[in-house]
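The sequence and the structure are shown below, and the description follows them.

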Amino acid sequence: TRFEEAGPLDTGLGLEYRCTPLEKAGFARHQFDKVVSFCVLEHIVNREEVLGIIANVLKPGGWLVMSVDSLATITDARLIAKHKADHRVQTYFTPLELRALLEAHGFRDIRIWPIFRSPYARRSFEEGIDREFQYHRYRKFGALARLELDEYRFRHEDRGMFLCATAVKPA
């Protein structure tokens, strides 16, 4: 049996993990205070339906915290096509597109910001696409430290590899 067919996994910590499409999860209206989505929406074909469900299951005043792929700093069409095919990406988002999508589903107080904005982040991600994100285990640690330093240096750039967003469901 596939994991998604096995039902919820109780961690014993008051958390429950489900591996199932949101449309089939059966969550109740206004069930959650917060929904977190990390690099998911860009892979979903029916994102309008999914965002409608997220808006429905959030309590009034509830928060959506998310990130999406942007790849805004990559200009090599071959790498973008490879990434899109390898990872089944449906859409790369711009801040305007993401804002419009969230507003269309009733979200307010929307904040969107790019991350991994530096030339080093771009080169690292381009290399990752070509290497299928297989790195030497120790190289990862140095790369993360460098990314963190560069992220601060390039904090005023308006484009990045990913977009992060927060949005509130009106009360």
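## Overview

Helices (H or I, at least four residues) and strands (E, at least two) are DSSP runs, numbered from the N terminus. This is a predicted model, in which local features need pLDDT of at least 70 and side-chain atom pairs count only at pLDDT 80 or more, while totals for chains, interfaces and linings use all residues. Residues are numbered from 1 along each chain as its sequence is written, and side-chain values use heavy atoms, with hydrogens and water left out.

The chain has six helices and six strands. Along the sequence they follow the pattern β-β-α-β-α-β-α-α-β-α-α-β. A residue is called buried under 20% relative accessible area, exposed over 50%, and partly exposed in between (1.4 Å probe, protein chains only). By this criterion, buried residues make up 36% of the 171 residues in the chain. Contact means heavy atoms within 4.5 Å. Of the contacts in the chain with a separation of 6 or more, 80% come from residues 24 or more positions apart.

In α4, the residues L98, L101 and L102 are buried. Seen down the axis of α4, the buried residues fall within an arc of 95 degrees, so they line one face of the helix; the arc is that of the directions from the helix axis to the C-beta atoms. What covers these buried residues includes α2 (47-57), β4 (58-69), β5 and β6. The face of α4 turned away from the buried side carries the exposed residues L96 and A104.

H105 lies in the loop between α4 (95-104) and β5 (108-115). Its side chain is joined to that of E48 by a polar contact of 2.9 Å. A polar contact is a pair of N or O atoms within 3.5 Å; within protein, one must be able to donate a hydrogen and the other to accept it, and residues adjacent in sequence count only if both atoms are side-chain atoms. Leaving aside neighbours within four places in sequence, H105 is in contact with E48, L51, G52 and A55. Also just after α4, G106 takes a positive phi of about 85 degrees.

## Helix α3

At the start of α3, a side-chain oxygen of D76 reaches to within 2.9 Å of the backbone nitrogen of R78. The buried residues of helix α3 (residues 77-86) are L79, K82 and H83. They cover an arc of only 95 degrees around the axis, which puts them on the same side of α3. These buried residues pack against β4 and α5, whereas the face turned away from the buried side carries the exposed residues A77 and A85. After α3 comes R88, whose phi is positive, near 55 degrees.

## Aromatic residues

A pair of aromatic rings is described by the distance of the centres and the angle of the planes. Rings of Phe, Tyr and Trp (its six-membered ring) pair if their centres lie within 6.5 Å; planes under 30 degrees apart count as stacked, over 60 as edge-to-face and the rest as tilted. The structure holds three aromatic pairs. The rings of F27 and F32 have centres 4.9 Å apart and planes at 85 degrees, so this pair is edge-to-face. F27 is partly exposed at 25% relative accessibility, and F32 is partly exposed with a relative accessible area of 25%.

The rings of F116 and F162 have centres 5.8 Å apart and planes at 75 degrees, so this pair is edge-to-face. The pair links distant parts of the chain, with F116 in the loop between β5 and α5 (119-131) and F162 in strand β6 (residues 162-168), 46 residues apart. F116 counts as partly exposed at 29% relative accessibility, but F162 is buried at 12%. F116, F125 and F162 form one aromatic cluster.

## Cysteines and strand β3

Which residue has the cysteine sulfur nearest to that of C39? A disulfide is a pair of cysteine sulfur atoms within 2.5 Å, and a search of the whole structure finds zero of them. C39 is in no disulfide, and the nearest cysteine sulfur is that of C164, 7.9 Å away. This distance is too far for a bond. C164 is buried, with a relative accessible area of 14%.

S37 is found in strand β3 (residues 32-38). At 13% relative accessibility, S37 counts as buried. Not counting residues up to four places away in sequence, S37 touches V65, M66 and S67.
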